[in-house]
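Start with the model in view.

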Amino acid sequence: VQVVNRPGATTQIGATELARARPDGLTLGLMSLPSLAMTYLDAERRAPYNRESFTPIAHFTSDANMLAVQAASRFRTARDLVEAARAEPRRIRIGTVGLMSNAHLPGVALERAAGVRFAFVHFNGGAPAITALLGGNVEAAINGSQTTIPQERAGALRAIGTFGAERSPFFPEAPTLREQGFDVSHPSAFALLGPAGLPAEVVATLAAVTQRAAESEEVR
């Protein structure tokens with residue numbers, strides 16, 4: 001397998017390439033929801049594809065994003081961050097992986113639940129958002145556990161909340177937003193997709209190997 005990263009535009013660049021690919025099973029996409037859906041549901045984005053442009057193959061994991069700050073931040077909890085935003089609307093900067101992404105939307109949900117306004121700063125992926133947080137260019141970031149937890153373990157960041165209905169099994173120390181008084185639950189789903197018209201036998205083969213991989217001890 002050759003991994004080709006196509007960052008930018010909240011998955012729209014990669015999704016456009018996938019939608020235009022030949023449906024032979026040789027070009028696949030790892031996509032996140034709701035990020036992918038938002039790119040074609042928002043008419044202003046003018047995405048050259050829609051729901052029918054893709055063949056679903058396998059949903060292999062769901063994970064809740066984490067709300068993180070620098071380890072030395074004055075914000076110890078999500079409520080601390082919210083109260084700062086209440087005192088200074090649109091001044092508390094939160095990094096995301098893109099406009100209307102699966103990191104931005106949970107932040108909007110937190111805004112609505114708490115009745116505050118943040119200043120969202122959108123990046124072309126999780127790594128740039130974490131880099132900005134580490135550099136002090138934003139006060140917080142909403143990102144996946146896979147990019148947040150290593151920095152937490154290294155002592156550089158502190159996870160102050162998760163957007164799942166339950167605590168993350170990968171980092172149970174971080175409380176959910178609901179535990180902190182905010183009615184927010186916004187997990188993300190990740191799936192393997194192909195272009196429209198992928199033959200049923202190809203879908204069946206890829207779904208089977210994805211299941212085997214997901215159930216392997218190495219992946220688990």
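What covers the buried residues of helix 4? This is a predicted model, in which local features need pLDDT of at least 70, side-chain atom pairs count only at pLDDT 80 or more, and totals for chains, interfaces and linings use all residues. Residues are numbered from 1 along each chain as its sequence is written, and side-chain values use heavy atoms, with hydrogens and water left out.

The cover of helix 4 includes helix 2 (35–41), strand 3 (66–70), helix 3 (78–87), strand 4 (93–96), strand 5 (119–122) and strand 6 (140–143). Helices (H or I, at least four residues) and strands (E, at least two) are DSSP runs, numbered from the N terminus. Helix 4 spans residues 104–114, and eight of its 11 residues are buried, so it is largely enclosed by the rest of the structure. Buried means under 20% relative accessible area, exposed over 50%, partly exposed in between (1.4 Å probe, protein chains only). Among the buried residues are His104, Leu105, Pro106 and Glu111. Just after helix 4, glycine 115 takes a positive phi of about 70°.

An open sheet of five strands has the order 5-4-6-3-7, with mixed pairing. Two strands pair if DSSP finds at least two bridges between them. Strand 5 and strand 7 (157–162) are the edges, each pairing on one side only. From one strand to the next, the twist averages 30°. Helix 4 packs on this sheet, touching strand 3, strand 4, strand 5 and strand 6. Contact means heavy atoms within 4.5 Å. The direction of helix 4 makes about 180° with that of strand 5. Axes are lines fitted to C-alpha atoms, for helices over the stretch in contact, and angles run from 0 to 180 degrees between N-to-C directions.

Strand 3 and strand 7 pair in the antiparallel sense over five bridges. Here alanine 68 stands opposite alanine 159, and methionine 66 has threonine 162 as its bridge partner. Strand 7 is an edge strand, yet six of its six residues are buried, so it is largely enclosed by the rest of the structure.

An open sheet of three strands has the order 1-8-2, with antiparallel pairing. Its edges are strand 1 and strand 2. Strand 2 and strand 8 pair over nine bridges, and proline 56 stands opposite leucine 193 in strand 8. Helix 7 packs on this sheet, touching strand 2 and strand 8, and its direction makes about 20° with that of strand 2.

Last come the pockets. A 1 Å grid over the protein atoms alone is used: a pocket is an open set of points where a 1.4 Å probe fits, with protein on both sides within 12 Å along at least five of seven lines, and lining residues have an atom within 4 Å of a point. About 1600 Å³ of space lies in the largest pocket. Of its 42 lining residues, Val4, Asn5, Gly29, Leu30 and Met31 are the closest to its centre. Elements supplying at least two lining residues each include helix 1 (12–19), strand 1 (29–33) and helix 5 (126–134).

The second largest pocket holds about 440 Å³ of space. It is lined by 13 residues, with Phe60, Thr61, Ser62, Phe170 and Val219 nearest its centre. Strand 2 gives the largest share of this lining, four residues. Helix 6 and helix 7 each supply at least two.

Methods:
Points joined across faces, edges and corners; volume = space filled by probe spheres on them.
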